[in-house]
Amino acid sequence: MEFKVLIKNLTSLTIGGGSTIGAVDIPLNPMVLPPSTIKGVLRTAIHNYLPEGYTSCGKIEPSKIKEAHEKNGVCDVCKLFGYPDYKDSGCFTVTVRIPEVVRSKITRVEINDRTQRSEEGHLFTQEVIAPNTEFEVTIYFRDSCGDRMLKLLLYSLLALRFWRMGRNAMVDVKLKEDICQKVKCDEEMKSIVFSLSDYIWGD
């Protein structure tokens with residue numbers, strides 16, 4: 001099954017490119033919003049807002065994931081998103097349609113983590129996407145994973161509204177279509193789909 005989701009950044013968005021280009025210390029990723037970034041932030045968000053009845057090992061390092069799975073079995077989050085030595089990439093893949101984006105350069109002040117004060121003379125420039133840019137994401141969900149995993153995926157979209165993307169950008173999420181027209185939804189699924197039917201922070 002495939003369905004479309006809209007992700008809108010509420011604040012300036014940077015998915016770092018990882019190298020310095022000219023006058024920009026933190027350039028925007030050439031892909032702007034890579035699918036791997038979306039899967040990564042969804043995974044982190046759902047781990048931190050895990051619904052009752054689901055499990056998460058909460059690990060990132062491959063050896064720690066393996067250790068946790070050997071001890072407690074494969075967790076639900078890893079079943080959904082995939083994990084090292086797994087036969088495929090999990091229960092879903094994503095593609096992103098990149099709109100025409102407005103890029104800007106902003107200057108920021110470095111903050112000392114220990115003192116929480118600005119570092120004198122420590123300025124850096126960052127390339128950002130302007131707020132309220134909307135990205136269309138197509139999710140390809142493997143039907144064989146079942147309704148339980150689909151619910152967890154939808155819960156992860158809900159959780160993303162309360163998490164951050166890239167360099168601390170707030171985002172909002174909504175479904176572009178009613179997926180209950182494609183699959184049989186129980187009351188829990190209908191409630192999740194209804195919650196995702198519009199942006200929570202407004203248009």
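Visitor: What share of the 203 residues of the protein counts as buried?
Guide: The share is 41%, where buried means under 20% relative accessible area, exposed over 50% and partly exposed in between (1.4 Å probe, protein chains only). This is a predicted model, in which local features need pLDDT of at least 70, side-chain atom pairs count only at pLDDT 80 or more, and totals for chains, interfaces and linings use all residues. Residues are numbered from 1 along each chain as its sequence is written, and side-chain values use heavy atoms, with hydrogens and water left out.

Visitor: What makes E136 and R97 a salt bridge?
Guide: The term requires a side-chain nitrogen of Lys or Arg within 4 Å of a carboxyl oxygen of Asp or Glu. Between the side chains of E136 and R97 the N to O distance is 3.7 Å, so the pair qualifies under that limit. E136 belongs to strand β5 (residues 134–141) and R97 to strand β2 (residues 92–97), 39 residues apart; strands are DSSP runs of E, at least two residues, and helices runs of H or I, at least four.

Visitor: Why is E136 called buried?
Guide: Its relative accessible area is 10%, and the limit is under 20%, so E136 is buried. R97, at 46%, is partly exposed.

Visitor: Why does E187 count as exposed?
Guide: E187 has 60% relative accessibility, and exposed means over 50%, so the word applies. Its salt-bridge partner is K190, with the closest N and O atoms 3.6 Å apart. K190 counts as partly exposed at 42%. Both residues lie in helix α5, three residues apart.
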